[in-house]
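Have a look at the model first.

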Amino acid sequence: MTKRLLVPVDGSDCSADALAFAAAEWPDAELVLLHVINPARSASGSELGMPGAVEQWYENATTLSETILSNAAATVDRDVETLTEVGRPGNTIREVAEAEDVDGIVIGSHGRTGVSRVLLGSVAEGVVRKASVPVTVVR
């Protein structure tokens with residue numbers, strides 16, 4: 001019996017579909033929603049001598065993460081746990097899955113970026129290949 005599931009969310013339609021699927025398929029499981037802030041996507045401006053640019057980027061990313069998590073949580077009719085982590089998405093999802101002692105991961109097949117959308121998004125593929133728990137990919 002699945003008791004606890006990790007559902008990474010990024011505000012994309014695919015992550016919303018994954019969350020809806022997890023809520024419908026495992027109605028009694030605890031859902032842990034995770035948003036990963038990817039520092040590789042920062043446009044810090046620090047190299048241009050703009051003081052405070054990194055802090056401003058982090059504040060903006062954190063605010064966006066809170067919005068994404070809040071919007072996702074509002075779509076399911078139950079309490080959920082929400083987490084924000086900073087790191088490379090695939091690695092961070094796997095690390096959080098282990099740290100949070102989840103029974104499985106439910107992930108959308110593609111996120112916001114379209115560059116690697118040939119068959120399976122690069123984050124989803126990395127999670128499927130290296131996760132220590134079962135992974136369900138929703139498309």
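This is a predicted model: local features need pLDDT of at least 70, side-chain atom pairs count only at pLDDT 80 or more; totals for chains, interfaces and linings use all residues.

## Starting at Val 106

Leaving aside residues up to four places away in sequence, Val 106 touches Leu 5, Leu 6, Val 7 and Pro 8, then Ala 18, Phe 21, Ala 22 and Trp 26, and finally Thr 136 and Val 138.

Val 106 also turns up among the residues with the most contacts inside the largest nonpolar core, alongside Val 7, Leu 19, Leu 31 and Leu 33. That core has 17 residues. Two or more of them come from each of β1 (4-8), α1 (13-25), β2 (30-37) and α2 (53-73). There's a second, separate core too, with 15 residues, including Val 96, Val 102, Ile 107 and Ala 131. As background, nonpolar side chains tend to be buried together in soluble globular proteins.

## An aromatic pair

The structure holds 1 aromatic pair. The ring centres of Phe 21 and Trp 26 sit 6.0 Å apart with the planes at 80°, so this pair is edge-to-face.

Now for the strands. 5 of them form an open sheet, ordered β3-β2-β1-β4-β5, and the pairing is parallel. β3 (81-86) and β5 are at the edges with a single partner strand each, so one side of each has no neighbour in the sheet. From one strand to the next, the twist averages 25°.

## Helices across the strands

α1 lies across β1, β2, β4 and β5, and runs at about 140° to β4. α4, meanwhile, lies across β4 and β5, running at about 160° to β4.

Which residues of helix α4 (residues 122-130) are buried? They are Ala 124, Gly 126 and Val 127. These residues cover an arc of only 165° around the axis, so they fall on the same side of α4. What covers the buried residues of α4 includes α3 (89-99), β4 (104-108) and β5 (135-138).

Note on methods: Residues are numbered from 1 along each chain as its sequence is written. Side-chain values use heavy atoms; hydrogens and water are left out. A nonpolar core is a set of buried Ala, Val, Leu, Ile, Met, Phe, Trp, Tyr and Cys residues joined through side-chain atoms within 4.5 Å. Buried means under 20% relative accessible area, exposed over 50%, partly exposed in between (1.4 Å probe, protein chains only). Helices (H or I, at least four residues) and strands (E, at least two) are DSSP runs, numbered from the N terminus. Contact means heavy atoms within 4.5 Å. Rings of Phe, Tyr and Trp (its six-membered ring) pair if their centres lie within 6.5 Å; planes under 30 degrees apart count as stacked, over 60 as edge-to-face and the rest as tilted. The arc is that of the directions from the helix axis to the C-beta atoms. Two strands pair if DSSP finds at least two bridges between them. Axes are lines fitted to C-alpha atoms, for helices over the stretch in contact, and angles run from 0 to 180 degrees between N-to-C directions.
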